[in-house]
Amino acid sequence: MKIMPCPLNGPRNISEFVHGGEVRDMPNPTTCSDKEWAEYVFYSDNQAGVVTEWWLHAASGYWFIAERHTVTDEIIRTYDPSEIFKARVEFSAESTAQEVSA
Amino acid sequence: MSAITPESFSKRSFVYRQLSDAEFSEVAGAAQAADMKNGHSQALKAGILDLSVLPRTGFRGLNAASHLQAADLPVPAKPNQASVTDNGELVLRLSQKEFWVLGAVADLGAGVDAVNQRGLPEKDCYALYNQDSHAWLTLTGAHLPAIMAKVCGVDLRAEAFPVGSIAQTPAARINVVVVHHQINEIPCFSMLCDSAAAEYLWVSLLDAMAEFGGEVIGSNALS
């Protein structure tokens, strides 16, 4: 069984984890175009090489980030999302309403 | 014939149908299996105990640790560690910012009720309602790692999983929180699982512990 080093729970069988897609910068939903938003939501780069991905340890409900080589499937590093995401992302009610009416 | 039955109460354990032979006592407005007529020696050998009706609570957020400290509860230093209060409550740290408090068998969970009476901090501390979402099953006795090795891939032997450790992992293919602790010096693995899967896990654990002479015990067997 392949082993994934979870930052919270330590090395565990890969069957305990769920892949969550690439880590990408979110465009500002109030100013970006529909095309940019669709690309962010639906498309992935599917790059050959080292990628940064979301992974979930299902048993503890813990999301973390892994750097993985998509050709060799080697897991290079895993870490807590707080290394990248320092603050909570807030969506204001006003901007949501503008988007809906536009 | 027990005077108190689970059906006497609207609040019931998730595995009460599996406990038809038990003598019950009232705990937190429900029936808890108190006696299975096999006593303390069975708890030391291999027992499984249902503590699902015993009060428990949880808190999550940046201020969750300070909320516990204000309630005079010990805060484990790292995630996946558990601390025990003098009274017997278990404080579980499941991540940097998530804590569960499990009631003590000795006081029927009164300590947890007292924690729940305290107001939450104004911000960054949220209550977790794990009383109804999770069942609480406890394995006791001398063969805990060997029993768990049959249903769980994580090394739960004492060298890798000493008293005070927590493992969040699948066991018998459902997600559980396993806590290694002691009650009156009896080795215990407390397991918290999705309440909807409680009967399945109960039967699976009984099956796994059969070769070690495992039986259902009541809470009186711990004293």
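Guide: A disulfide is a pair of cysteine sulfur atoms within 2.5 Å. The structure is a predicted model, in which local features need pLDDT of at least 70 and side-chain atom pairs count only at pLDDT 80 or more, whereas totals for chains, interfaces and linings use all residues. Residues are numbered from 1 along each chain as its sequence is written, chains are lettered from A and ligands numbered from 1 in the order in which they are written, and side-chain values use heavy atoms, with hydrogens and water left out.

B:C152 counts as buried because its relative accessibility is 9%; buried means under 20% relative accessible area, exposed over 50%, and partly exposed in between, with a 1.4 Å probe and protein chains only. In chain A, A:C32 is likewise buried, at 15% relative accessibility. Over all chains, a search of the whole structure finds zero disulfides.

From the cysteines we may turn to open space. The largest pocket holds about 1500 Å³ (a pocket is an open set of points on a 1 Å grid over the protein atoms alone, where a 1.4 Å probe fits, with protein on both sides within 12 Å along at least five of seven lines; lining residues have an atom within 4 Å of a point). Its lining consists of 41 residues, and those nearest its centre are A:G61, A:Y62, B:R60, B:S95 and B:K97. Chain A contributes at least two lining residues from strand 5 (62–69). In chain B, the elements that each supply at least two include helix 4 (130–133), strand 11 (174–183) and strand 12 (186–194) (helices, H or I of at least four residues, and strands, E of at least two, are DSSP runs numbered from the N terminus).

Most residues other than glycine have a negative phi. B:R173, however, has a positive phi near 70° and is not a glycine. B:R173 sits in the loop between strand 10 (166–171) and strand 11 of chain B, and its relative accessibility of 81% is the reason that it counts as exposed. B:E185, also not a glycine, has a positive phi of about 70°.

Notes:
Grid points are joined across faces, edges and corners, and a volume is the space filled by probe spheres set on the points.
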